[in-house]
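Subject: Structure handover

Hello,

Here is the structure I promised to pass on. Please load it before reading further.

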Amino acid sequence: RSVFGFPFAVFGLFKFGMPEVTGHMITGIFDNTKTPVTRLCEFMNGIFLLAHHCAGIFTVCALAIGTFTLSQPMMAGVMPIIVQHWFIPLKYIHRWAFIVSVSVVEIWFQCEVLSN
């Protein structure tokens with residue numbers, strides 16, 4: 001519950017300088033070797049990844065300063081997202097295992113959010 005942990009949350013969520021976010025955005029803006037649709041998808045991926053991580057930081061900060069309380073509905077929305085990130089390494093090992101596992105957790109997340 002200390003605000004001194006916030007910089008570590010930012011560094012952790014943005015991987016010490018947002019290389020993934022900026023990589024997608026720069027590819028979308030400047031890579032003329034890709035098709036316009038691919039470039040648009042890359043740029044949008046960067047924007048939405050930025051929004052995703054900013055929402056995570058907002059939630060962590062709001063919980064830490066007491067704006068949000070750590071209730072069952074809050075945990076129901078947060079836990080599937082945490083579990084979904086556990087499967088990210090599968091993306092580089094077995095693509096279909098990654099797609100199936102992330103999809104199952106996404107369905108779990110949607111059910112939790114809609115039921116709470």
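Predicted model: local features only at pLDDT ≥ 70, side-chain atom pairs only at ≥ 80, totals over all residues.

Overall make-up. The chain has 116 residues. Its secondary structure amounts to 6 helices and 0 strands. Read from the N terminus, the order of elements is α-α-α-α-α-α. Along the principal axes, the C-alpha atoms occupy a box of roughly 50 × 35 × 25 Å.

Packing and contacts. Buried residues make up 19% of the chain. Take the contacts with a separation of 6 or more: 49% of them join residues 24 or more positions apart.

Surface and charge. The accessible surface is about 8200 Å². Carbon and sulfur atoms account for 75% of that surface. On the charge side, the chain carries 6 positive and 5 negative charges.

The patch. Which residues make the nonpolar surface patch of about 370 Å²? They are Leu40, Met44, Ile47 and Phe48. Met44 sits in helix H3, which covers residues 36–65. Is Met44 buried, partly exposed or exposed? Its relative accessibility is 35%, so Met44 counts as partly exposed. The cut-offs behind that call: buried is under 20%, exposed is over 50%, and partly exposed is in between. Patch members need over 30% relative accessible area, and Met44 has 35%.

If you open one region, start with helix H3 around Met44.

Best wishes

Terms used:
Residues numbered from 1 in each chain as written. Heavy atoms only, no water. Patch = residues over 30% accessible without salt bridge, like charges linked within 9 Å, V, L, I, M, F, W, Y side chains within 5 Å. Areas by Shrake-Rupley, 256 points an atom, 1.4 Å probe, with all protein chains shown as cover. Salt bridge = Lys/Arg side-chain N within 4 Å of Asp/Glu carboxyl O. Helix = DSSP H or I, 4+ residues; strand = E, 2+ residues; numbered from the N terminus. Buried < 20%, exposed > 50% of the residue type's maximum accessible area, 1.4 Å probe, protein only. Contact = heavy atoms within 4.5 Å. Lys, Arg positive; Asp, Glu negative; His and termini not counted. Charge placed at Lys NZ, Arg CZ, Asp CG, Glu CD.
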